[in-house]
Structures are given as structure tokens and as C-alpha cells.
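Here is a short briefing on one structure.

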There are 2 protein chains.
Amino acid sequence: MASYKAPLRDMRFVIFELMDCGDITTLPGYEEATPDLIDSVLEEAARFCEQVLFPLNRSGDEEGCVFDSGVVRTPKGFQEAYKAFCEAGWPGITSSPAYGGQGLPKIVNSLIEEMICSSNLSFGLYPGLSHGACVALESHGSEELKDKYLPKLVEGTWSGTMCLTEPHCGTDLGLSRTKAVPAEDGTYRITGTKIFISAGEHDLTENILHLVLARLPDAPKGIKGISLFLVPKFFVHDDNTLGARNGVSCGSIEHKMGIKASATCVINFDEATGWLVGEPHKGMRAMFTMMNTERLAVGLQGLGIAEVSYQGAVAYARERLQGRSLTGAKYPDKPADPIIVHPDIRRMLLTQRAYAEGCRAFGIWAAKHLDLRNHPDATVRQEAEEFVALVTPVVKALFTDLGSEAANLGMQVFGGHGYIREHGMEQYARDVRIAQIYEGTNGVQALDFVGRKLPADMGRLLRRFFHPVAAYIEEKSSETTLTEFIDPLNKAFTRLQQATIKIAQAGLRNPDEAGAAATDYLRLFGLTALAYLWARMAEVSLPKIGADDTDGFYVAKVGTARFFMQRLLPQTGALFSSIMAGSKSTMAFDEAAF
Amino acid sequence: MASYKAPLRDMRFVIFELMDCGDITTLPGYEEATPDLIDSVLEEAARFCEQVLFPLNRSGDEEGCVFDSGVVRTPKGFQEAYKAFCEAGWPGITSSPAYGGQGLPKIVNSLIEEMICSSNLSFGLYPGLSHGACVALESHGSEELKDKYLPKLVEGTWSGTMCLTEPHCGTDLGLSRTKAVPAEDGTYRITGTKIFISAGEHDLTENILHLVLARLPDAPKGIKGISLFLVPKFFVHDDNTLGARNGVSCGSIEHKMGIKASATCVINFDEATGWLVGEPHKGMRAMFTMMNTERLAVGLQGLGIAEVSYQGAVAYARERLQGRSLTGAKYPDKPADPIIVHPDIRRMLLTQRAYAEGCRAFGIWAAKHLDLRNHPDATVRQEAEEFVALVTPVVKALFTDLGSEAANLGMQVFGGHGYIREHGMEQYARDVRIAQIYEGTNGVQALDFVGRKLPADMGRLLRRFFHPVAAYIEEKSSETTLTEFIDPLNKAFTRLQQATIKIAQAGLRNPDEAGAAATDYLRLFGLTALAYLWARMAEVSLPKIGADDTDGFYVAKVGTARFFMQRLLPQTGALFSSIMAGSKSTMAFDEAAF
């Protein structure tokens with residue numbers, strides 16, 4: 001009964017009509033990424049996700065991964081699907097052509113990742129981690145390492161992991177104990193135990209390349225003494241054939257709430273041979289390259305689940321006959337009206353929709369800035385980098401919080417049928433729940449946002465968002481057709497500005513003030529960003545309503561914008577009050593009294 | 001690692017210090033329910049829940065119920081626990097002594113139910129359904145039925161169910177198709193299929209008494225043609241021994257997101273013999289007696305899970321060392337500070353705590369009114385009945401929404417460790433999720449609230465809440481020590497009053513106006529009720545701070561009240577705005593455009 005159709009119409013709207021990505025061909029390296037090419041890539045990806053990945057989603061959850069004596073078996077069909085995935089060239093979609101990639105823009109990748117997450121979140125983690133490893137190696141690896149490992153990663157024959165967490169340390173990587181001892185041949189012997197390693201062991205690829213944080217013998221204490229190493233599962237000969245097994249083994253897999261088809265592994269390194277990636281003690285820098293890529297990708301997981309849950313809920317709301325409309329039967333010929341006539345069902349569906357479409361626009365806004373890092377003008381590159389740095393924690397935390405909320409609304413539309421496994425709606429809620437946690441919990445994202453991004457360079461990062469939004473409000477304030485969108489945006493934006501000043505000032509005196517407000521502030525920022533995007537989407541859509549709007553797309557877009565402004569954006573008022581109340585009630589509470 | 005200690009100190013505070021239930025002995029039938037007796041009953045229940053039920057919670061989830069050829073096996077240990085539960089007399093704690101019950105006040109039962117839900121939600125459903133069946137039979141059954149079935153239900157040897165839902169009808173019971181044909185002996189032959197029947201089949205009791213909604217041959221269409229029947233699994237001889245199997249069978253059990261140790265059954269009635277309960281075609285009335293009892297009980301499930309998840313999260317936050325306090329190391333001798341020093345962790349813990357303690361007070365406020373239905377003064381009885389009718393949907397929806405939120409916060413405090421099954425935190429989130437759905441989804445509760453309770457008798461029900469709260473604000477407005485609590489309460493209350501007028505007026509013109517605002521309005525009402533209770537809890541606690549407060553209980557209570565007022569109550573502002581925005585954006589959206 002569950003189904004998924006990639007929202008290609010809306011995707012095209014966002015990239016071509018809203019974000020003007022048609023001109024991406026003017027950026028060096030993207031000359032060939034014409035709208036026609038992008039269209040056909042998206043259509044191909046949609047077909048693959050709908051026909052290959054989505055049908056394996058429920059069965060993958062039911063079957064899960066199986067661990068047996070160090071070996072991990074993925075669910076039935078995953079091997080074939082992964083093979084087809086690689087044959088179609090999806091792993092290297094944005095990777096450098098120098099290593100066999102297709103070098104397509106990040107905006108395209110962002111939409112493809114959304115589709116993969118909608119259709120099969122667990123599956124998506126395998127190539128997702130490889131993608132992060134690619135990015136880290138491309139940025140920080142030596143030419144030798146890149147030449148040796150990147151082509152296989154890009155073609156998907158080998159996969160990658162991120163080995164950060166240890167049993168006693170997650171957020172606080174400075175506590176990590178895994179050791180790296182230099183060997184005479186220039187390699188290192190890595191020893192330690194890493195946990196929660198997604199795709200740490202599986203049967204999809206011939207080799208697995210672990211990127212491992214470890215500590216050199218002379219390393220300074222804490223976070224400044226961490227280095228990054230590449231540790232392959234199998235050694236690789238010079239001719240690229242695989243050699244002996246390295247000292248890496250999978251000790252067990254976790255039993256989790258969801259993403260059961262994704263292997264979450266305990267990985268033991270026992271004098272495993274590793275190669276240094278980047279400089280000694282500078283591992284966190286390299287790891288952050290990977291982590292930032294992953295954080296944006298995790299945000300898209302929230303979006304992907306919001307979308308597929310919305311689609312499931314709409315389909316059910318149309319076909320489930322129950323009760324009559326409060327204003328009289330809408331389908332008197334049927335035994336009852338479909339539940340989509342009920343205002344509270346519509347409230348839930350429109351909330352899911354407004355979050356999914358809003359986050360899609362936000363995701364492309366961020367991805368476009370990733371692409372602008374290729375711009376010939378250094379100032380544009382710099383500003384794009386700053387924008388990405390600023391919004392990365394917001395995309396990660398906002399999208400996954402809203403994705404979780406949307407998945408739960410989708411279940412709720414189904415009533416009791418949402419709670420049983422059969423329809424797949426509860427799986428979305430279980431699967432997306434991890435996205436609020438991994439790659440830095442959403443609380444950690446909020447702390448990064450208020451503690452690092454907000455004060456950075458006297459607020460320069462923040463201006464990458466404040467300036468365009470302020471300019472937009474100013475520019476549109478006299479357009480009466482937009483008043484219903486600009487006014488609420490302006491109200492939210494004013495709250496955000498005031499809250500920013502409050503946090504910046506109070507946080508200087510007492511960092512706990514910023515810490516106590518962090519989660520509320522990130523959400524306030526995120527909702528204001530969505531309001532800006534919804535105002536722009538309404539602005540783009542309004543003139544197209546009428547003769548050209550044969551499928552009602554623009555009417556629906558404007559209608560969703562109205563719902564967002566009237567029913568969802570008011571949350572910013574509550575967040576503002578909570579932020580302005582300060583940290584005292586949070587911090588004065590005696591630790592022993594909890 | 002997971003643990004549970006019944007919050008007896010807070011329970012005593014609520015019943016004796018806040019709600020003055022010490023005088024419950026003045027009510028007819030409760031003469032023996034002295035504080036000493038209540039105390040010892042609660043202590044005994046706490047011991048049973050902590051030592052017998054809680055240790056079976058995780059294993060019950062892992063093992064689940066097993067269905068095999070019509071038979072359902074509960075997880076290991078459940079039979080022994082249930083036997084001990086009955087031997088201790090818990091099933092009949094509030095039932096009439098005439099049938100072997102102990103006739104204790106509902107306030108006591110409310111607290112015991114909370115403890116059961118904290119320790120083992122799945123287990124609690126078995127006696128919980130029996131309790132509902134008892135109430136329905138006591139209120140609507142003939143003397144003959146009561147004499148025959150109640151004693152065994154009260155002692156727990158037999159259990160009960162509610163058979164309402166059918167594959168094509170849940171909320172809209174008017175669509176139900178199960179048939180009841182009169183037989184010559186005065187009984188009926190029941191035929192049909194019921195789904196989602198909790199405790200529909202299991203191995204805990206000798207017999208199962210199904211209360212079944214079915215339609216007589218001459219029944220009017222829709223909801224006014226539904227009658228209620230008692231259909232035992234085994235026939236019962238006059239000497240109370242069991243006879244042949246009735247035409248009732250379990251077709252399968254559901255595979256669910258959570259409450260896996262609770263059997264959710266498809267029950268087939270094939271010319272099963274049933275006895276009419278109450279009058280023909282008046283089944284909904286009888287069923288609502290049962291359903292209202294269950295709705296309050298489901299609310300307590302939300303509370304119970306909020307409490308146990310809070311306890312788990314606090315324990316973890318104290319022992320997990322990660323990072324340093326933003327204001328400098330608090331435990332410099334340790335490798336890192338416990339995460340309880342971090343403001344965002346405290347925010348999550350205090351939110352859980354404020355919701356759990358607030359709902360506990362609200363639950364007892366409601367339960368006390370259940371007890372007041374025994375009052376000698378008819379006016380008091382009537383007003384108590386009205387209060388219960390008013391708050392039942394609020395208790396059900398508010399407690400379960402907040403319980404779900406609290407369970408998710410508890411997981412979040414654990415980070416990655418919250419997502420794996422080992423620690424049990426994700427089980428709470430999965431288990432409590434059903435409580436937002438069954439016994440009428442929370443959206444249906446909200447519709448009941450705005451559609452029936454709010455307009456009933458020109459708002460008379462509503463006055464049972466508005467009058468005491470308005471009087472309290474008026475009375476305390478000049479007490480400066482309470483200003484920090486009364487002011488925010490007053491602000492929320494004013495919003496609630498304005499929203500009430502708006503919904504009442506707009507809803508008269510257009511019922512969709514009330515429908516679109518229903519969920520937000522119920523939450524606004526619920527948070528305002530919590531604010532009233534938190535103000536009263538602060539008022540009671542403030543004078544006791546000092547010499548008498550040896551364990552810091554009252555300081556913590558006032559601290560939690562402050563957190564609630566400053567950080568959580570502002571939500572009412574957002575809800576108010578969303579309500580006042582009206583239904584247009586929700587209803588104008590074209591059905592085909594979803």
C-alpha cells in the first residue's frame with residue numbers, strides 16, 4: 001500500500017524557478033549541467049529510487065542486518081540494489097572527474113540524496129558514508145592516497161566509514177583513546193575500539209576504508225592531539241588487487257530502534273595498519289570536512305522522511321472513509337467521507353507538506369552555496385563558504401526535528417493503522433529518529449550554532465543570512481500582494497534579531513546564557529529561514545496562478561505558504577519568549593535535586 | 001542499568017499537600033481511606049511495580065507475544081507476575097466491595113496506574129482493560145450479569161476487553177457491521193470481525209469476557225443502532241465453573257511499533273453467544289462509560305512513561321562524563337564533567353520533570369472529582385461529574401502528547417545510546433506512542449473537547465474549570481511572592497478565554513473553524529491547567545522552604561514551577577496565534593492538490 005513518487009515537479013520549481021540554478025552552467029566545472037541534463041539525471045534517479053530502493057525498505061526493516069562471527073549480512077535484495085546503484089554511476093555523482101566521478105553540482109546531489117532517503121534511509125547510509133569519506137580524502141589526503149583509494153570509492157566498489165565514537169566518548173572526542181603507533185615503513189599501527197560505526201562491516205563492497213581518529217604517542221591531550229588515519233579492511237596491492245586482511249574486525253552490531261537494515265558496528269582495531277590523512281594532530285580538521293558533509297546529508301534524511309511520510313498520509317487520507325465532514329457530507333454517495341475532509345487531518349497533512357517543501361527549498365539554498373564555492377570571484381567563494389558554515393547545524397537539526405515531527409504526524413493520520421508495522425508509517429518515525437542524534441545530537445548542533453557560528457568573526461557568518469533577508473523584506477515591503485507573507489516574516493525576523501542581540505550580549509557575560517537558549521534559538525532561526533523561503537516561493541508563484549497553472553501547482557504553493565505563515569510560524573513567538581526568559585530557571589536548579 | 005523508583009514523595013505531596021485528599025474519609029464509602037492506609041497501599045504498589053513488573057519490561061519487549069494457531073503466549077514471567085498481581089488484590093483496588101473489591105478512592109488508583117505504566121506499560125493493559133469492563137458492567141449490566149461475572153473480573157481470574165474497532169471503522173463506529181441476532185433463550189448470536197483488541201487473547205486468565213458492539217436486526221442505521229453485548233470466551237456454568245468454548249477466536253495478533261508484550265488481536269465472532277448489556281441500541285452509552293475510564297487511564301500511560309524516562313535520563317546525565325561545563329570544569333578531578341552540567345541537558349530534564357509532575361497533579365485533580373461523585377450533596381456530585389467530563393479528553397490527549405515528547409527527550413539525553421535497545425529508552429518512546437492513538441486519537445479528543453464539551457449546556461462544563469482558575473488568580477493577584485507564577489498564569493488564562501470566545505463564535509457559524517483550531521485549543525487549555533497547578537504547587541511549597549525542607553523537595557518544586565512558567569508556558573502564545581488565524585488556510589486548500 002505504501003508508495004513513493006519522487007516530487008520532481010517541486011524539485012524543478014525549487015532549483016529552476018526559486019533558486020535560479022539554470023545559470024549554474026556559468027560556474028567553472030559545471031558547464032555541462034544544463035537544465036536538460038539535470039532534468040534527465042533527476043528522472044533517472046527518481047526511477048531508481050521508486051522502483052529499486054523503495055520496494056526494499058519494509059523488507060529491509062523486517063529482516064535487518066545479521067551478524068555472525070564477524071560477518072555482517074545485509075537484508076535480501078540489498079546486494080543487488082547496491083550493484084545496480086553503482087552500475088548506474090550514482091556513487092560518484094558529484095565526485096571529481098579526475099577520479100571517475102561525474103562532477104555534477106551539489107544541488108543535483110542534494111535532490112538525489114533526498115530521494116534515496118525517502119525511499120530507503122538504511123540503504124542510503126552505505127553510499128552516504130562513502131561519500132563523506134571521499135570528500136575528506138579529496139580535501140586532506142596525499143596524492144598517493146587519493147590516487148590509490150578514490151577511484152574505487154567513487155565507483156562504489158569499495159566503501160568508507162567514519163570511526164569517531166568510542167564507548168566512553170561521543171560528543172567529547174578529546175577523550176578518545178584509540179592509539180596510533182608509527183611503524184618504520186611510514187604507516188601506523190592502530191589499536192582501539194570504535195562504536196556506532198555505520199556501514200562498519202557489510203557484504204556490499206569488496207573492501208571497506210575506515211577513516212579513524214586516533215592518538216599518536218606524542219599527541220597533546222584532548223582534542224588537539226587527534227590524528228586521522230585511513231585503515232582499509234583489506235590491504236591493497238599496487239595493482240589495486242586486494243591483499244591480506246588488515247587487523248580490523250567487527251565485534252558486533254547494535255540492535256536499534258530503526259534503520260535496522262543499516263549495520264551499526266563495533267569495530268575493533270588490533271594493531272591495524274593505517275595511513276595518516278592530513279597532518280599529525282590535525283585530524284579533527286579533516287574529520288570536520290567529512291562531518292559537515294554528513295551533517296547536511298543527515299538534514300536531508302529528515303526531509304526525505306517528511307516527504308515520504310506525507311505521501312503515505314495523503315494517500316490514506318483520501319481512501320480512508322470515516323465520519324462526515326463537519327459542514328455536511330462531502331461524498332453522500334459513499335458510506336462516509338474520506339478523512340481528508342476533516343480540518344484536523346488537513347492540519348497534519350499541511351504541516352508535513354509545509355515542512356517538507358520548506359526544507360527542500362532550504363536544502364537547495366544551502367547546496368547552491370556549496371556550488372558557489374567554485375565561483376571565479378574569491379569574494380563570492382568566501383561568502384558562500386561562510387553561508388554554508390552558518391547554516392550547516394541549522395539544516396542538520398531543523399530538518400531532522402521537523403522530519404521526526406512530520407513522520408509522527410503521518411502515523412497519526414493513519415490512527416491505529418499507523419502503529420502497526422504493516423503500513424510502514426511507524427518505520428519512518430523509527431528510522432528518522434536517529435537523524436536527531438547522530439553526527440552530533442541536535443543539542444550539539446545548537447551549541448555549535450550559538451557558540452561558534454554566531455560569534456564567529458564578530459557575527460560575520462550571521463550577516464550572510466541577515467543581510468539578504470533584511471534586504472528582501474525592505475524590497476518587498478511595499479508590494480501589497482505580498483503583505484500577508486512579508487508581515488509575518490518581518491515579525492519573526494525582528495524576533496530573531498532581538499534574540500540574537502540578547503544571546504550575544506548575555507552569552508559574553510555568561511556562556512550558560514547562550515547554552516540554555518541554544519536549542520530554542522536554532523529553531524527560531526530555522527523557522528525564520530523557512531518563512532523567508534516561503535515568502536519567496538509565494539512571490540514566485542503568485543504571478544503564475546491562472547492560465548499557466550494547469551495542474552494547480554502554484555495555487556497549492558501559495559496555499560501552503562499561507563498555512564505556514566498563519567499556523568506554523570507563530571511558534572517563533574513562543575521560542576522568543578523562552579529565549580528572553582534567560583538561563584536562570586535552567587541553571588539554578590540544584591544538581592542533586594533532579 | 002535502567003531503573004525505576006516510584007515517586008512516592010511527590011505523590012504524597014500531590015494528594016495530601018496540594019489536593020487535600022486527607023479529608024477523603026468524609027466521603028461515603030471512603031471512611032477507611034485514611035492517609036496511613038493510602039500510604040501503605042502506595043508503598044506496597046511501589047514495591048510490586050519496582051520489583052516484579054519493571055524487571056519484565058525490557059524482556060517483554062524483546063520477546064513479545066507469540067501467536068500460534070489461535071493461542072497467544074505472553075512473554076516469559078508475565079503469567080507469574082499476573083498471578084502475584086491478583087493475589088495481592090490489585091485488580092479490584094477500586095471495585096465495589098459488593099463484588100469483592102476494596103473500594104478504595106480513585107485518587108489511589110490513579111497513582112497505582114501511573115506506577116504500573118512506568119514499570120510495564122504492556123503488562124498494565126491486561127488488568128487495565130478488565131478494569132474498564134468492570135466499570136461498564138457495574139454501570140450498565142443487569143444484576144444477573146453482574147453477580148455472575150463481576151466477582152471473577154474483580155479478583156482477576158477472568159479478564160475483559162473492549163471490542164469496538166472493525167477493519168473499516170475506528171473512530172466512526174456508526175459504520176460497524178458486526179451483527180447480533182436474538183436467539184430464543186434471550187441470548188444473541190454475534191457474528192463479525194473486530195480488530196485492534198487489546199488483551200483479546202492471552203494466557204493470563206482462565207476466561208476472557210469480551211464487551212462487543214454489534215447491531216441488532218432492527219437497529220437504526222449509524223451510531224444509534226449499536227448495542228453492547230457480553231461475549232465470554234468460555235461459557236460459564238451456574239456454579240461458576242467453565243463450560244464449552246464460545247464461538248470466539250483469535251485470528252492473529254498485530255506486529256506493532258511498541259507495547260509488544262501486549263497482545264493486540266483480531267477477534268472473530270462466529271455465531272458466538274452474547275448477553276445484552278444495557279438497553280438495545282444504547283450500546284454507545286455503555287461503551288462510553290468504559291471508554292471514559294480508559295481515556296483517563298491512557299492519559300496516565302503518558303504520565304507513567306514521562307516519569308520513568310525522566311528517571312532514566314537523570315541517572316544517565318549524572319554518570320555520563322562528556323565535555324566540560326561552559327563556565328569551567330565542575331568536576332576537575334574527573335576526565336570530563338557529567339553531562340548534567342550542560343544547560344541543554346538540563347533543559348531537557350526539566351522539561352520532562354515539569355511535564356511529569358504537572359500531569360501527576362492534573363491527574364489527581366481529575367481523580368479527586370471522580371471520587372467526589374460519591375459526595376452526599378447532589379450539586380457537588382453534579383459539578384464533579386461535569387468537571388470529569390470536561391477534562392477527560394484533555395487528560396487523554398495532553399498527557400500522552402507530553403509523555404511522548406518526554407520519552408523522546410529522555411532518548412535524546414542518552415545520545416546514540418538512547419537509540420539502541422539496550423538501555424530501554426527507545427522502548428519508552430515506542431510504547432507511549434500508541435497512547436496518542438488508541439481510545440480515540442488525540443485529534444478526536446480535541447474534536448470531542450471543542451465540539452461537545454465546550455458548547456455543552458451553554459458552556460456550563462467549561463465553567464467548572466474557568467471559575468476556580470479565575471477565582472484563584474483574583475485571590476492571589478496581590479501576593480507579591482506569587483507574582484512570578486500568577487502573572488504568566490494570568491496571561492495564559494486570558495489567551496485561553498479569548499480563544500474560547502473566538503472558537504465558540506466562529507464555530508457556530510462554521511464548524512470547521514472549531515475543527516481546525518481543536519488540537520491547538522486543547523493544548524492551550526491543557527498548558528493553562530498545568531500553569532494553574534504549577535502556581536498552586538509553588539504557593540504550597542514556598543512557605544515550606546527552609547528548616548522543614550531537609551531533602552530540598554520544596555526548593556526543587558518551586559524551581560520546576562519557575563522553569564515551567566518561563567520556558568514552557570510561552571507555548572501558549574504560539575497556540576493562541578495559530579488559533580486566532582482561523583481555519584481558512586487549512587480548509588481552502590484544494591483536496592486534489594494535496
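**A positive phi in a loop**

Asp457(A) is partly exposed, with 46% relative accessible area. The model is predicted. Asp457(A) sits in the loop that joins helix H13 (442–453) to helix H14 (460–476) of chain A. Its phi is positive, about 45°, although Asp457(A) is not a glycine.

- Asp457(B) has a positive phi near 45° and is a residue other than glycine.
- The loop between helix H13 (442–453) and helix H14 (460–476) of chain B holds Asp457(B).
- Asp457(B) has a relative accessibility of 47%, so it counts as partly exposed.

**Overall fold of chain A**

- Chain A contains 19 helices and 11 strands.
- The radius of gyration of chain A is 24 Å; a compact globule of 594 residues would have a value near 25 Å, so the two agree.
- Along the principal axes, the C-alpha atoms of chain A fill a box of roughly 80 × 60 × 60 Å.
- Buried residues make up 64% of the 594 residues of chain A.
- Among contacts in chain A with a separation of 6 or more, 73% join residues 24 or more positions apart.

**Annotated C-terminal region**

- An unreviewed UniProt entry annotates residues 465–590 of chain A as "domain: Acetyl-CoA dehydrogenase-like C-terminal".
- What is the helix and strand content over residues 465–590 of chain A? The chain there is 79% helix and 0% strand.
- The end C-alpha atoms of residues 465–590 of chain A lie 38 Å apart.

**Cavities**

- The whole structure holds 7 cavities of 30 Å³ or more.
- Three elements of chain A each give two or more residues to the lining of the second largest cavity: helix H5 (106–119), helix H6 (121–140) and helix H8 (283–319).
- Which element gives the most to that lining? H6(A) does, with 7 residues.
- In total, 19 residues line the second largest cavity.
- Nearest the centre of the second largest cavity are Glu113(A), Ile116(A), Gly124(A), Pro127(A) and Gly128(A).
- By class, the lining of the second largest cavity comprises 12 nonpolar, 5 polar and 2 charged residues.

Technical notes:
Residues are numbered from 1 along each chain as its sequence is written. Chains are lettered from A and ligands numbered from 1 in the order in which they are written. This is a predicted model: local features need pLDDT of at least 70, side-chain atom pairs count only at pLDDT 80 or more; totals for chains, interfaces and linings use all residues. Side-chain values use heavy atoms; hydrogens and water are left out. UniProt positions are given in the numbering used here, feature names are shortened, and annotations may be inferred rather than shown by experiment. Helices (H or I, at least four residues) and strands (E, at least two) are DSSP runs, numbered from the N terminus. On a 1 Å grid over the protein atoms alone, a cavity is a set of points where a 1.4 Å probe fits but cannot get out, and a pocket is an open set with protein on both sides within 12 Å along at least five of seven lines; lining residues have an atom within 4 Å of a point. Grid points are joined across faces, edges and corners, and a volume is the space filled by probe spheres set on the points. Ala, Val, Leu, Ile, Met, Phe, Trp, Tyr, Cys and Pro count as nonpolar, Asp, Glu, Lys and Arg as charged, and the others, Gly among them, as polar. The radius of gyration is taken over C-alpha atoms; the globule rule is 2.2 Å times the number of residues to the power 0.38. Buried means under 20% relative accessible area, exposed over 50%, partly exposed in between (1.4 Å probe, protein chains only). Contact means heavy atoms within 4.5 Å.
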